[in-house]
Amino acid sequence: MGNVFVLDHPLIQHKLTHIRDIETGTKEFRELVDEVAGLMAFEITRDLPLEEVTIQTPVAEAKMKVIAGKKLGLVPILRAGLGMVDGILKLIPAAKVGHVGLYRDPETLLPVEYYVKLPSDVEERDFIVIDPMLATGGSAAAAITSLKNRGAKNIKLMCLVAAPEGIDLIHRDHPEVDIYLAALDEKLNDHGYIVPGLGDAGDRLFGTK
């Protein structure tokens, strides 16, 4: 079964506190989400394989390490996932970015796919699905299914905050997927919001209500 990794680095926790704060405005919220995504990317890429190359320093020839040609794909779930992409790309500029758009059917309350655009070499890439919130887990599970249906083999999920209900759904539907979080929160409330959470990430990122 996929593991759950809560990235409790002090810088991540400090910035996440300000992200949660209702007094944090759109500009600062956006900058903090960007920064935390970059810090989380540092941890999520810890197991990237390395290979040895020979280079010439100003002093001598040396055998050094570079990342082996592992192809990465980032897949933000529209729209809130967009707020985390740039922070990751600053660290991994060669990563390709796909997009998955989902909306919730008002009758069934299930996620419906309305847009999917992925890199052409899906089967050769390791993918990180990105969404700030893992609440019920429905959108993330549907996005992972979309990737699998198009040939993706190795998928990780990256979220700022999650509720136990969302973790349980991903474990049930996609048991092999590792989940990376900045925080695992207490529960969902009656309206499906994560408690204590951070409100609606999309509205806070883009200044909409």
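Q: What does contact mean when one residue is said to touch another?

A: Contact means heavy atoms within 4.5 Å. In this predicted model, Ile88 touches Ala37, Gly38, Ala41, Leu74, Ile130 and Met158, leaving aside residues up to four places away in sequence.

Q: How is the packing of two helices described?

A: In general, two packed helices are described by the angle between their axes and the distance between the axes. Here the axes of helix H2 (residues 26–44) and helix H3 (residues 82–91) come within 7 Å, and their crossing angle is roughly 50°. H2 and H3 are therefore oblique to each other.

Q: What is the handedness of the crossing, and which residues make the contact?

A: The crossing of H2 past H3 is right-handed. On the H2 side the contact is made by Val33, Asp34, Ala37, Gly38, Ala41 and Phe42; H3 contributes Gly83, Met84, Asp86, Gly87, Ile88, Lys90 and Leu91. Sorted by class, this contact of H2 with H3 has seven nonpolar, three polar and three charged residues.

Q: Which residues of the largest nonpolar core touch the most other members?

A: The core has 37 residues, and those touching the most other members are Ile19, Met40, Ile88, Met158, Leu160, Val161 and Leu198.

Q: Which elements supply this core, and where does its largest share come from?

A: At least two residues each come from helix H1 (10–20), H2, strand S4 (71–78), H3, strand S8 (125–130), strand S10 (154–162), strand S11 (178–184) and helix H6 (201–206). H2 supplies the largest share, eight residues. Another core, of 26 residues, lies apart from this one and includes Val75, Leu102, Val177 and Ile179.

Notes. Residues are numbered from 1 along each chain as its sequence is written. This is a predicted model: local features need pLDDT of at least 70, side-chain atom pairs count only at pLDDT 80 or more; totals for chains, interfaces and linings use all residues. Side-chain values use heavy atoms; hydrogens and water are left out. Axes are lines fitted to C-alpha atoms, for helices over the stretch in contact, and angles run from 0 to 180 degrees between N-to-C directions. Helices (H or I, at least four residues) and strands (E, at least two) are DSSP runs, numbered from the N terminus. Angles under 35 degrees count as roughly parallel, over 145 as roughly antiparallel, 65 to 115 as roughly perpendicular and the rest as oblique. A crossing is left-handed if the near helix is turned anticlockwise from the far one by less than a right angle, and right-handed if clockwise. Ala, Val, Leu, Ile, Met, Phe, Trp, Tyr, Cys and Pro count as nonpolar, Asp, Glu, Lys and Arg as charged, and the others, Gly among them, as polar. A nonpolar core is a set of buried Ala, Val, Leu, Ile, Met, Phe, Trp, Tyr and Cys residues joined through side-chain atoms within 4.5 Å. Buried means under 20% relative accessible area, exposed over 50%, partly exposed in between (1.4 Å probe, protein chains only).
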